[in-house]
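These are my notebook entries on a single structure. I set down what I looked up, entry by entry.

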Amino acid sequence: MTFADGSGPSQWATVSDLGGAAEVNATCATYGGPFCTYPWYAVNKAHSAFTFGADYPGTQFDYGQAAQFATAPQCGGPFGPDSTFCDTVLKPTPPVG
């Protein structure tokens with residue numbers, strides 16, 4: 001990613017509107033079973049790219065899989081304090097450019 005001034009991002013972050021694994025646990029008896037997972041962002045070193053969904057061949061960082069997403073709305077938003085999920089800064093910074 002390159003911005004108009006030629007610079008690139010110094011950080012990447014993820015956010016979910018549903019709360020990651022916590023959302024799945026509300027409707028599934030066991031996380032990880034059929035149709036009971038939550039997709040996550042990862043860095044695929046083999047392709048120098050972000051992926052979304054699961055770990056694939058070449059995945060270098062998966063940032064805790066579904067645990068990369070906040071599970072409780074603790075950030076402010078249009079509906080007041082603690083009304084949206086906070087972002088999670090990915091560390092180490094993805095080597096994608």
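Is phenylalanine 3 buried, partly exposed or exposed? I found phenylalanine 3 partly exposed, at 38% relative accessibility; buried means under 20% relative accessible area, exposed over 50%, and partly exposed in between, with a 1.4 Å probe and protein chains only.

I note that this is a predicted model, in which local features need pLDDT of at least 70, side-chain atom pairs count only at pLDDT 80 or more, and totals for chains, interfaces and linings use all residues. Residues are numbered from 1 along each chain as its sequence is written, and side-chain values use heavy atoms, with hydrogens and water left out.

Entry on phenylalanine 3. I located this residue in the segment before E1. Neighbours within four places in sequence aside, phenylalanine 3 is in contact (heavy atoms within 4.5 Å) with Gly8 and Pro9. From C-alpha to C-alpha, I read 22 Å between phenylalanine 3 and tyrosine 41, which lie 38 residues apart in sequence.

Entry on threonine 14. I placed this residue in strand E1, residues 13-14; strands are DSSP runs of at least two residues, numbered from the N terminus. Threonine 14 is buried, with a relative accessible area of 3%. Its side chain reaches the backbone oxygen of glutamine 68 at 3.5 Å. Beyond four places in sequence, threonine 14 touches residues including Tyr41, Phe69 and Leu90.

Entry on the core. I listed nine residues in the largest nonpolar core, among them Cys28, Trp40, Ala66 and Phe69; such a core is a set of buried Ala, Val, Leu, Ile, Met, Phe, Trp, Tyr and Cys residues joined through side-chain atoms within 4.5 Å. Tryptophan 40 touches Ala66 and Phe69, among others.

Note on methods: Helix = DSSP H or I, 4+ residues; strand = E, 2+ residues; numbered from the N terminus. Polar contact = N/O pair within 3.5 Å; in protein donor to acceptor, adjacent residues only side chain to side chain.
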